[in-house]
Amino acid sequence: METRELICVTCPMGCRITVEMEEGKVLSVSGNSCPRGEAYARQECIQPMRILTSTVRIENGIHRVLPVITEKEIPLEKMEAAMAEVREVTVNAPVEVNDVILEDIAGTGVNLIASRSMQKI
Amino acid sequence: MKHYQAIVIGGGSAGLSAAVTLKKNGIEDIVVLEKDCEPGGILEQCIHNGFGLQTFKEQLSGPAYAERYVKMAQELNVEIKLNTMVTELHKDRTVRYVSSAEGDVTISADAVILAVGCYERARGAINITGTRPAGIYTAGQAQRYLNIEGYMVGKKVFILGSGDIGLIMARRMTLEGAKVYGVAEIMPYSNGLPRNIRQCLEDFDIPLYLSHTVTKTFGKDRLEKIELMQVDEKMNPIPGTEQYFDVDTLLLSVGLIPENHLAEDAGIIMDPAIRGPKVDDTYMTSAEGIFACGNGLHVHDLVDFVSLQAARAAEGAAKYLKEHKDRGRAVAVKPGENVGYTVPTCVHPQDACANVEFFFRVRKPMDEAVLEIRSGDQVLRTMKKRKLMPSEMERAVLTAKEIASLKEEVIIAVKEAA
């Protein structure tokens, strides 16, 4: 049996989670303080998933860039491919929070959305 | 001179929460003074996620978290003066500010809430020798350039200090195409949240050099190279451990300090342990009617607790405005063994109307420990604690009943389990 010590990244609590595994299968999860922690630990042992946050260019906004976030976690290994797509995007103000900026980023099935509203200048 | 019921200085996470809470408590005639061109404060540049889990039960980016509070403030018709810099605060609760719209103005209020945030410790405070080229930034300054102004600050990066902003910038710069060579931490343990070590460094194979520091910078116009050295237990560099990294950018994430010059100039009594004002259980400072909260009081690690604390300070201010009464003698609350500070620093047993939550930090990492709250020779509370770290703020509550019966000063201590 293999034991893995993880730090949950789901929220800033940062729970220390212990996962017991055998032949690539999760036997038990302990140390988490919520169900999200258990889901995180199970997923982390198979394929690490992360939220991506970045910025895209915005025209006519009060700032030059608009912060964006993936609606859900995407595979960690897709980060680079996702960033390559993010760099190509330019949007126009005004933008509302949660507006879809990019659909199906890097073929993950997850949308990239605006993480704030930005008025037009 | 225009007079308000309450003035809130600062329109960031603390100020917005304080203003919303004042309104909800029936304090209508208030104004928020904010120096930036929009409300939200430092949250606007913290574009990463992880905010709001306590407050909204969901995980938001910094700007999205701020937007929720801005909306609440708008719905409650909170007046926010933007591009407005407060230059003076006095004990009589007069506040002087400047803005391009109004010029140089002095206003007054029955209550003032300081929600002024904190600033970053800079290079001058940590004595790195060498030249003074471009390319050396505090991590938060670089974060602002990148996330709000839209400028990339460098391509080959080293980070000094394992504070959370430094860790988050390590990931951010990597995703933006920079090469981050490493993060150095002078202490033998990390100063950032464990989750950020995981998701910002380990996810991207960025090395963390514990017990190391940057000892020298090289370069004339632009940074060209840094010298990294291991340090001994007294934090002195060990000769022979020099390593060199060819980098064009050094980010400093070496600590945050409450922005306290307004309070100091007003003659408010400061607590050297937190470098912010001393406050009682209603978050009132030593100056009557002046309250303090958020990172301007003591540096927090989660914005959710900033909002929570600011709401309590606003409730304290509302209570003060409604009651205006003498709250009787104060009993001090002090840090004991292994505890760096406590907030609040005193309570009023004769006016113990609610439970009081104390915020504190331990001085060193401890695996197994026991929290002990005592008053005189009476132990009020013992609680087993696991995995305590200076980077993670701890909380403990005393009930109104317990506070009402206090006679001697309260000590909050953490003892290592045998």
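Author: What follows takes the two chains in turn, with the rule beside each label.

Author: This is a predicted model, in which local features need pLDDT of at least 70 and side-chain atom pairs count only at pLDDT 80 or more, while totals for chains, interfaces and linings use all residues. Residues are numbered from 1 along each chain as its sequence is written, and chains are lettered from A and ligands numbered from 1 in the order in which they are written.

Reader: What makes up the secondary structure of chain A?

Author: Chain A has 2 helices and 10 strands. Helices (H or I, at least four residues) and strands (E, at least two) are DSSP runs, numbered from the N terminus. Read from that end, the elements go β-β-β-α-β-β-β-β-α-β-β-β.

Reader: Why is chain A called more spread out than a compact globule?

Author: The radius of gyration is taken over C-alpha atoms, and the globule rule is 2.2 Å times the number of residues to the power 0.38. For 121 residues the rule gives 14 Å, but chain A has 18 Å, which is well over that value, so chain A is more spread out than a compact globule. The box filled by its C-alpha atoms along the principal axes is roughly 60 × 25 × 15 Å.

Reader: Which domains does chain A have, and how far apart are their centres?

Author: The assignment gives domain 1 (2-46) and domain 2 (53-114); such bounds come from an automatic or database domain assignment. Taken over C-alpha atoms, the centres of domain 1 and domain 2 of chain A are separated by 29 Å.

Reader: How many of the residues of chain A count as buried?

Author: A residue is buried if 20 or more other C-beta atoms lie within 10 Å of its own, exposed if 12 or fewer, and partly exposed in between, with C-beta atoms placed from the backbone. By that rule 38% of the 121 residues of chain A count as buried. As for contacts, two residues make one if their C-beta atoms, placed from the backbone, lie within 7 Å. Among contacts in chain A between residues at least 6 apart in sequence, 47% join residues at least 24 apart.

Reader: What is the peptide bond from A93(A) to P94(A), and what is its omega?

Author: That bond is cis, with omega near 0°. P94(A) sits in the loop between β8 (90-92) and β9 (100-102) of chain A.

Reader: Turning to chain B, why is it called as compact as a globular protein of its length?

Author: Chain B contains 8 helices and 30 strands. Its radius of gyration is 22 Å, close to the 22 Å from the globule rule for 418 residues, so chain B is as compact as a globular protein of that length. Its C-alpha trace spans about 65 × 60 × 40 Å along the principal axes. In chain B, 51% of the 418 residues count as buried.

Reader: What is the order of the strands in the open sheet of chain B?

Author: The 5 strands come in the order β25-β23-β30-β27-β28, with mixed pairing. Two strands pair if DSSP finds at least two bridges between them.

Reader: What makes β25 and β28 of chain B edge strands?

Author: β25 (346-347) and β28 (378-388) each pair on one side only.

Reader: Is H324(B) buried or exposed, and why?

Author: H324(B) has 10 other C-beta atoms within 10 Å, so H324(B) is exposed. This residue is in the loop between α7 (303-323) and β23 (331-335) of chain B.

Reader: Why is K387(B) called partly exposed?

Author: K387(B) has 14 other C-beta atoms within 10 Å, so K387(B) falls in between and is partly exposed. K387(B) lies in strand β28 of chain B, and its phi, too, is near 50°.
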